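Subject: Structure handover

Hello,

Please find the structure below. Notes on its aromatic rings and charged side chains follow.

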Amino acid sequence: MLAGLAYCHHTATLHQESDKSMSSPQQQALLDACEHYFHVFFVQRDAAGAAALATDDITGFGTGADESVYDIDFALHLYQRDIEAMPNPVHYTLKRRKAIVLGETLGLVMGECDWHLTIHQQAVTMHNVRFTLLMRLTASGWKVEHKHLSQPSLAHGDDEPYPLKQLEARAVVLERLVKQRTHELENAHRQLHQVAITDPLTGLFNRIKTDEVLEEELLRQTRTPMPLSLILIDIDHFKRINDDYGHRKGDEVLVDIARLFQQRKRITDCLSRWGGEEFLMICPDTPHRDALALADSLRKLIASHAFSVEHQVTFSAGVASYRAEDGRDSLIERADRAMYAAKRAGRNRVVGDNISPLDP
Ligand SMILES: Nc1nc2c(ncn2[C@@H]2O[C@H](COP(=O)(O)OP(=O)(O)OP(=O)(O)O)[C@@H](O)[C@H]2O)c(=O)[nH]1
C-alpha cells in the first residue's frame with residue numbers, strides 16, 4: 001500500500017529545493033537520496049561514487065541492452081562506460097517528481113526532466129526523460145535498488161536508452177562536415193595565396209613573394225650569416241620585340257625566358273618577375289663569384305636560344321651580394337645600379353656590384 005505521496009513540479013535543477021511542505025520526512029529523504037544519486041552520477045560523473053549509492057543487487061533497464069539484472073561490479077562497469085561516452089557533466093532541469101513510500105525500508109521516486117549534455121562539443125538537450133528509482137533503506141542510508149530511465153518520444157528496444165547513438169552519429173556527421181568545410185576553406189585560402197604571389201603571365205613568383213623571401217633571407221643573415229646574392233635581369237630592347245612582332249609575341253618571349261630560367265636555376269633560388277621585362281633571382285648560399293657565373297650562364301642560354309622571333313634576345317644583369325650593413329633596399333639598389341652599368345657597357349652582359357664586368 002502506498003504510505004504517502006509527495007509531488008512537486010518545478011523547473012529548477014534537482015539541486016534546488018523541492019516543495020517540502022507537501023513531503024513527509026520519509027518522502028523528503030527519498031527525494032534527497034535520489035537527488036544525491038543523480039548529482040554524483042550525472043553532474044559529478046563519478047562512477048564509483050554512484051555505485052556506492054546503489055545496492056549490491058541493483059537492477060535496471062532502459063540504460064542499455066546489457067543492463068537488466070546485475071551485481072554492483074557490473075553496474076560500476078556500466079556507469080564507467082556511460083561516463084566515458086559522455087565525460088562532461090550532464091545538467092538537467094527537473095520538471096516534476098514524486099516520492100512514494102512503499103514501506104519502512106522501500107520507496108519509489110519517479111519524475112521527468114530535461115537533460116543538457118555536451119557531445120562532441122555540441123550542446124544537446126534531451127526533453128522529457130522519465131526516471132523511476134526504487135530505493136532501499138540500508139544501514140548506510142537510502143540506496144538505489146532498481147533504476148529505469150526512458151524517453152517517451154523515442155522508440156524503445158534499442159540497446160541505448162537515451163538517444164546517445166543518434167546524438168553521437170549526428171555529432172560525427174557534423175564533425176565530418178566541419179572538417180570538410182575547414183579543408184575546403186584551407187584549400188581556397190591556399191589557392192588565393194598562390195594567386196596573390198604568382199605572376200599570371202609567366203607563372204613565376206611576383207614582387208610580393210620576392211619581398212617575403214628577401215625579408216626571410218635577410219633575417220637569416222642576422223642569425224647564421226652566409227653568402228647571399230641577387231641577380232637582377234632586364235631584357236634588352238624589349239620594346240623593339242613588341243614593336244616589331246606585337247605585344248602578344250612579346251608575351252610569348254617573356255614566358256619562354258621564364259621557362260628557361262626555371263630550368264636552369266637551383267631549387268633553393270627564388271626566381272620572380274620583378275617588373276614588365278625584368279626578373280629577379282634571389283640566390284641563398286651563393287657567393288658573388290658563383291652568382292656572376294650563374295647569371296652569365298643564363299645570359300648565354302638566352303642569347304643562344306632560338307625564340308619564336310627573329311631577333312636575338314639578350315639581357316643585361318646586375319649582381320649584388322649581401323654585405324653586413326645591407327637592408328632590402330640597399331641590396332636591390334646595388335643590383336639595379338650594376339644592371340644599368342651592364343646596359344651602359346653595351347647590354348648582353350653581366351655586371352657585379354663589386355668587381356668589373358664580365359665580357360660576353
Ligand atoms: N609583351 C609585353 N611587353 C611588356 C610587358 N611588360 C613590359 N613590357 C614592355 O617592355 C618594354 C620595356 O621597354 P623599355 O623600358 O624602353 O626598355 P627596353 O626596350 O627593354 O630597352 P632596354 O631595357 O634599355 O634594353 C616596353 O615596351 C613595355 O611595354 C609584358 O607583360 N608583355
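Glu217 and Arg220 sit 3 residues apart in helix 5, about one turn of the helix. Helices here are DSSP runs of H or I with at least four residues, numbered from the N terminus. This is a predicted model, in which local features need pLDDT of at least 70 and side-chain atom pairs count only at pLDDT 80 or more, while totals for chains, interfaces and linings use all residues. Residues are numbered from 1 along each chain as its sequence is written, and side-chain values use heavy atoms, with hydrogens and water left out.

The side chains of Glu217 and Arg220 form a salt bridge, 3.1 Å from N to O. The term stands for a side-chain nitrogen of Lys or Arg within 4 Å of a carboxyl oxygen of Asp or Glu. Glu217 is buried, at 6% relative accessible area, whereas Arg220 is partly exposed at 31%. Buried means under 20% relative accessible area, exposed means over 50%, and partly exposed is in between (1.4 Å probe, protein chains only).

Helix 5 (residues 207-223) also holds Lys209 and Glu212, again 3 residues apart. Their salt bridge has its closest N and O atoms 3.8 Å apart. Lys209 counts as buried at 18% relative accessibility, and Glu212 as partly exposed at 30%.

**Other salt bridges**

In helix 7 (residues 247-264), Lys249 and Glu252 are 3 residues apart, and a salt bridge joins them at 3.2 Å between the closest N and O atoms. Lys249 is partly exposed at 23%, as is Glu252 at 37%. Arg323, Asp326, Arg334 and Asp353 are linked in a salt-bridge network. The whole structure has 22 salt bridges.

**Aromatic rings**

There are 12 aromatic pairs in the structure. Rings of Phe, Tyr and Trp (its six-membered ring) pair if their centres lie within 6.5 Å; planes under 30 degrees apart are stacked, over 60 edge-to-face, and the rest tilted. Phe41 belongs to helix 1 (residues 25-43) and Tyr79 to helix 3 (residues 72-85), so the pair ties together parts 38 residues apart in sequence. Both Phe41 and Tyr79 are buried. They belong to one aromatic cluster, whose members include Tyr37, Trp115 and Phe131.

Lys147 lies over the face of Phe41, 5.3 Å from the ring centre. For this, NZ of Lys or CZ of Arg must be within 6 Å of the ring centre and within 35 degrees of the ring normal. Arg207 lies over the face of Trp274 at 3.9 Å from the ring centre.

Regards

Methods:
Helix = DSSP H or I, 4+ residues; strand = E, 2+ residues; numbered from the N terminus.
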